Amino acid sequence: MVLLLFCCSVGAIGLVWYFQRRQAATFAALVDRTDDPCLLLRRGGSILYANTACAQFGWQNGGETAAVLASFEPDRGQSGEPLFDLLDREGEYRSLRRLQSRTGHLLEVSLHAVAMGDGRRYWLTLRDVTTHKAAEQALRKSQEQLRAALDSSHMALYDVAANGRGTWTISPEYARILGEDPETFVVTGESWEERLHPDDREMAVQTYADHYRGKTDFYLNEYRQRTRLGNYRWLQARGSFVGQREDGRPERLVGVIIDITEQKEAQRRIAELANFDPLTGLANRNLLNERLGQALLAAERDRKRLALMFLDLDRFKTLNDTLGHSAGDRVLAQAADRLKKLVRRADILARLGGDEFVIVLTGIDHALDAVRVAEGALLELALPFDIDDGNAPSDATIGMFTTSGSIGISVYPDDGRDAETLVRNADTAMYQAKSAGRNNYKFYTADMNARAAERLSLEATLRRAFEGSEFLLHYQPQLDLDSGRIVGAEALIRWQNPKRGLVPPSRFIPVAEESRLIVPIGNWALREACRQAREWLDRGLPPLTIAVNLSALQFQQANLTELIASMLDEYGLPPSALELEVTESVVMQEVDRVVKTLASLKELGVKLAIDDFGTGYSSLAYLKRFSFDKLKIDRSFVHDLGTDRNDEAICLAIVGLAKVLGLKCIAEGVETQAQAIFLLAAGCDEMQGFLAAEPLTADRFATLLEQSRQPDFRLIPAAQGLTA
Ligand SMILES: Nc1nc2c(ncn2[C@@H]2O[C@@H]3COP(=O)(O)O[C@H]4[C@@H](O)[C@H](n5cnc6c(=O)[nH]c(N)nc65)O[C@@H]4COP(=O)(O)O[C@H]3[C@H]2O)c(=O)[nH]1
């Protein structure tokens with residue numbers, strides 16, 4: 001039994017030993033195969049165990065423990081205490097070290113050392129973390145790069161509870177956009193909403209709610225939010241839901257917010273440029289068409305009328321050609337401001353370009369409703385415009401421009417049912433208003449189209465007429481008011497057309513001016529007047545001054561003085577026999593150039609008269625600077641002398657002004673004896689008008705001149721008792 005027990009015990013021990021050996025062998029085999037170097041070292045002795053992976057550092061079983069310790073670089077973070085002493089004290093130790101492999105590569109290894117507890121043996125495990133460290137570094141670098149990219153992209157990243165509750169997790173850029181301190185800025189659903197622009201609040205909240213309820217595929221919200229300074233910035237938020245709560249609702253919203261203020265401003269500018277006139281801020285043709293289309297639909301639906309008024313500033317082209325674009329721009333901007341006052345919110349006011357404006361009166365019951373606005377517009381445009389750009393001489397009252405408007409009106413549905421027809425017909429009516437003497441309005445009528453077509457053909461006919469020598473001059477006597485004797489003649493152009501008969505200048509001068517044909521036609525008139533004066537002198541008729549009208553465009557000719565000098569020379573006329581009548585628009589040109597031209601004409605010896613005085617520009621200062629010889633009172637002031645106190649006062653004032661400035665004064669359009677008497681009493685020197693004679697052919701005028709040789713000749717009755 002004892003033997004049996006002994007045998008069993010020995011067998012068991014043998015079995016244990018056997019299994020222990022097998023376990024140790026299995027363990028050694030596993031350790032040997034691992035990629036991590038493992039070592040069992042003995043203090044002060046040789047290497048007890050080194051697995052295969054140790055070969056890369058040249059360590060092997062039986063090798064020197066000291067050689068292993070020497071291979072490590074001094075331990076970073078360790079005070080320099082020998083490793084084994086440290087292990088004896090601590091039991092275990094971990095650190096990062098650098099080791100050079102046999103192939104010369106410097107490897108980053110993590111060291112794990114354990115004391116076996118007997119003060120003699122130590123177990124070391126090493127792991128190559130070179131790749132891991134490199135990956136970690138790369139990750140850190142890319143995170144830094146990402147942060148830098150985010151910073152420079154001005155994107156704010158956010159992560160918020162999808163139900164909008166609680167505090168937002170949001171990157172500092174959001175605080176920066178809103179001018180807040182990123183360190184202290186806290187965002188909650190309530191504060192986000194509170195900062196929204198009142199106009200955007202409803203839509204922004206709704207956009208989010210729609211997405212939260214799954215109505216939209218992606219979250220894109222644009223809104224304005226108040227900054228710390230109180231102004232607003234446009235923000236764009238995008239995002240996606242992540243996670244899901246138990247009730248199926250999304251858990252969080254994660255996304256970015258960017259500042260799109262500049263983008264929005266650029267969009268606004270583009271839209272503005274596409275739809276608004278930059279000079280006046282009014283709608284342009286584009287927007288007019290769009291809004292007119294809508295207004296026409298509304299008029300049709302509500303069975304209302306609509307009036308379209310086409311408005312043009314009279315003589316604007318001359319102003320632009322003479323005083324330059326900046327003066328023109330000032331007038332247009334002021335005109336726009338005045339027109340704005342006349343229209344209601346629902347109406348449309350647009351500038352089509354140049355001096356063309358359109359007013360659309362919407363939802364009116366009767367075409368006559370447009371009359372009130374048209375009359376208001378005419379009144380507004382008749383007020384002087386300030387064109388002083390600050391460069392005018394200090395003593396000047398110049399810098400004011402007076403003009404008028406011409407308005408054509410078409411009415412929906414009577415004159416057209418679509419925008420294009422209404423604009424075209426109003427334009428036609430506007431031309432009729434212009435030809436009818438400007439400063440008025442005309443409603444479109446069907447026969448106007450025929451007249452518009454006629455106007456178009458007029459320019460071509462005029463050109464042919466000039467080439468075919470169809471023009472001639474008539475002469476209207478100018479008298480000394482006191483003696484009633486002829487002192488001069490105004491040459492007035494006529495067009496003798498084979499089909500149309502004798503066409504008055506009012507019918508073709510505006511067309512000639514628009515087409516610039518006025519330059520050759522006007523120069524022809526100048527030459528013809530000189531030729532005629534020579535002819536009368538040669539016939540022994542009394543010498544007299546011939547006044548010729550000079551248009552603004554003629555005045556701009558660079559060689560004007562030379563041209564006139566050569567004409568005078570050609571016909572051997574003394575320069576004092578020629579008087580140039582210029583309107584105030586002519587002197588409304590670039591001051592220096594006008595001064596120069598007038599001075600050289602003056603030097604030549606021709607006389608200078610200012611025509612239609614009082615109807616144009618407030619140019620009293622020009623009068624002083626430009627040394628004219630004569631002032632011509634416009635016939636509109638003469639017409640009502642004796643009945644209109646204002647006109648009487650104006651005539652008195654003009655005569656007084658002429659006297660003060662040492663100028664002669666002539667009144668035109670004198671038709672009655674009473675007018676002549678008034679003018680004589682006022683101190684006016686000369687007159688011209690139907691009272692004496694209408695414009696006469698050259699032959700009839702010569703006859704009159706012949707008669708004027710008689711000593712008691714008077715062309716007008718003596719104004720008895722008033723000659724003193
Ligand atoms: N109601 C009324 N009218 C009177 C009376 N006496 C004269 N008239 C008219 O008054 C106009 C005076 O000429 P204007 O003011 O220089 O105004 C002229 C002038 O601005 C322009 N014009 C005429 N001939 C020429 C020319 O050769 N060159 C240029 N550039 N313009 C010209 O055409 C305008 C009109 O000329 P006309 O039709 O000949 O008209 C002339 C003349 O016939 C009167 O008692 N009552």
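**Entry 1: a pocket.** Before anything else I needed a definition: a pocket is an open set of grid points where a 1.4 Å probe fits, with protein on both sides within 12 Å along at least five of seven lines, and its lining residues have an atom within 4 Å of a point. I also reminded myself that this is a predicted model.

Which residues lie nearest the centre of the second largest pocket? I found Ala 162, Asn 163, Gly 164, Trp 192 and Tyr 208 there, out of 22 lining residues. Strand S6 (155-161), helix H6 (189-194), helix H7 (198-212), strand S8 (219-226) and strand S10 (250-259) each give two or more residues to that lining. I noted a volume of about 430 Å³. Sorting the lining by class gave me 15 nonpolar, three polar and four charged residues.

**Entry 2: the sheet with S6, S8 and S10.** Those strands turned up again in an open sheet of five, ordered S7-S6-S10-S9-S8, with antiparallel pairing. One pair I picked out was Ala 237 and its bridge partner in S10, Ile 257. Helix H8 (residues 261-275) lies across S8, S9 and S10, at about 125 degrees to S9.

**Entry 3: another five-strand sheet.** What is the strand order in the open sheet that contains S1? I read S2-S1-S5-S4-S3, with antiparallel pairing. At the edges are strand S2 (47-50) and strand S3 (92-100); each has a single partner strand, so one side of each lacks a neighbour in the sheet. From one strand to the next, the twist averages 25 degrees. Strand S1 (residues 38-42) and strand S5 (residues 121-128) are joined by five bridges, and Cys 38 has Thr 125 in S5 as its bridge partner. Helix H3 (residues 83-90) lies across S1, S3, strand S4 (106-115) and S5, running at about 160 degrees to S3.

**Entry 4: a parallel trio.** Next I went to strand S22 (residues 578-583). Strand S21 (residues 545-550) pairs with S22 in the parallel sense over five bridges, and Ala 547 stands opposite Glu 579. S22 also pairs with strand S23 (residues 607-613), parallel again and over five bridges; there, Glu 581 has Ala 609 as its bridge partner. Is S22 buried or exposed? Buried means under 20% relative accessible area. Five of the six residues in S22 are buried, so the strand is largely enclosed by the rest of the structure.

Entry 5: Most residues other than glycine have a negative phi, and most peptide bonds are trans. I went looking for exceptions. Arg 303 has a positive phi of about 55 degrees; this residue sits in the loop between helix H9 (285-302) and strand S11 (305-313), and counts as exposed at 80% relative accessibility. Arg 315 has a positive phi of about 60 degrees, in the loop between S11 and helix H10 (316-323), but is partly exposed at 26%. A cis peptide bond joins Tyr 412 to Pro 413, with omega about 5 degrees.

**Entry 6: the whole chain.** I counted 25 helices and 26 strands. Of the 724 residues, 44% count as buried.

Conventions:
Residues numbered from 1 in each chain as written. Predicted model: local features only at pLDDT ≥ 70, side-chain atom pairs only at ≥ 80, totals over all residues. Heavy atoms only, no water. Buried < 20%, exposed > 50% of the residue type's maximum accessible area, 1.4 Å probe, protein only. Helix = DSSP H or I, 4+ residues; strand = E, 2+ residues; numbered from the N terminus. Pairing = 2+ DSSP bridges. 1 Å grid on protein atoms, 1.4 Å probe; cavity = no way out; pocket = protein on both sides within 12 Å on 5 of 7 lines; lining within 4 Å. Points joined across faces, edges and corners; volume = space filled by probe spheres on them. Nonpolar A, V, L, I, M, F, W, Y, C, P; charged D, E, K, R; others polar. Contact = heavy atoms within 4.5 Å. Axes fitted to C-alpha atoms, helices over the stretch in contact; angles between N-to-C directions.
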